[in-house]
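Student: Could you take me through one residue up close, and then show me the chain around it? Please keep it brisk.

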Amino acid sequence: THILALVASDFCKTTDALLKFFSKTFYFHQYGDSYSLERQLMDVTQLLVEWGFIQKSGERLLATRLGKRVSELYLDPSTAHKFLESLKLTQKIQANSFSILQTISNTNEIKPLMNVRDKEYQEIQEMLIENEGNLLQEIPNEYDYEFEDFFKSIKTAMAFDFWTNEATEEKLLETYNIAPGELHGKLKIADWLLYSLEQLALLAGYKSILLPIRKLRVRMRYGVKEELLTLIKLEQVGRVRARKLFVAGLKSLEDLRKTPLERLSAIVGLNIARGIKDQLEGKKISNKVEKQKTLGSGVAGI
């Protein structure tokens, strides 16, 4: 991460400059092994070259367009590499929302992953079998050291999927033993990872997966099913009010335009109904999805 940042910012343009920089760090001061440090720098630099994040010409180092974007996103290069490998698979595998959620769940950034309780093994195994053909990574052998984190990533993705299907915080605590604070913390990280995945897909030319990622990002932010995406764009309409409108048969903006204020008021209250009508008449148009930077309890629970 640090090597890529130094090269992408043009702070270090050669391997010698990298060595000089790291020789002034506390790590080097503590261990003082210049040979070991140089070998590590060479190994990591070569790895970044293989991943397509850095170009090397003799001693000269230059970040690629992809490498610069990874650095700008503050993404671990190993995570970015995993994302790009997963995106390649979307060319031959039909990705679904769960497979995208599992992709972002199996990262260093989302850790610590949710622990798996004994009683959950069967349910997680069934979910794994159900989605085996849609996962955007190879399933590790159950005896490999990666399998434990992979298995935990399935549970984490299940919890995220439960949230996007409009489960309440109380139900998530009961079902997956994840407290509201931990949930919202992970949702913020997930939003960043989904945005990063979208940006890498855009840059690498995987256009077919862009819309599913964007839809899933909004669903994760507000905890709604896809059918509520149109309604959730309205100010003062959260997951609960959007569901009330949908159940009442008001499933589109056109439905809301045609509905008398009196009927709308009976569903969501007079002030909210007036606010909706104002937005539909163009008096107050906003892009709530883009403006909303954090997931506050007041937004998701309304």
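Tutor: Start with charge: Lys and Arg count as positive, Asp and Glu as negative, while His and the chain ends are not counted. Each charge is placed at NZ of Lys, CZ of Arg, CG of Asp or CD of Glu. The chain has 43 positive and 40 negative side chains, and the centres of these two sets are 9 Å apart.

A word on the source. This is a predicted model, where local features need pLDDT of at least 70, side-chain atom pairs count only at pLDDT 80 or more, and totals for chains, interfaces and linings use all residues. Residues are numbered from 1 along each chain as its sequence is written, and side-chain values use heavy atoms, without hydrogens and water.

Now look closely at Glu120. Glu120 sits in the loop between helix 7 (97-105) and helix 8 (121-130). Helices are DSSP runs of H or I with at least four residues, strands are E runs with at least two, and both are numbered from the N terminus. Glu120 counts as buried because its relative accessibility is 6%. Buried means under 20% relative accessible area, exposed over 50%, partly exposed in between (1.4 Å probe, protein chains only). What does Glu120 touch, leaving aside neighbours within four places in sequence? Glu120 is in contact (heavy atoms within 4.5 Å) with Asn115, Lys155, Thr175 and Tyr176.

Step back to the chain. The chain has 18 helices and 2 strands. Of its 302 residues, 45% count as buried. Its C-alpha atoms fill a box of roughly 75 × 50 × 40 Å along the principal axes.
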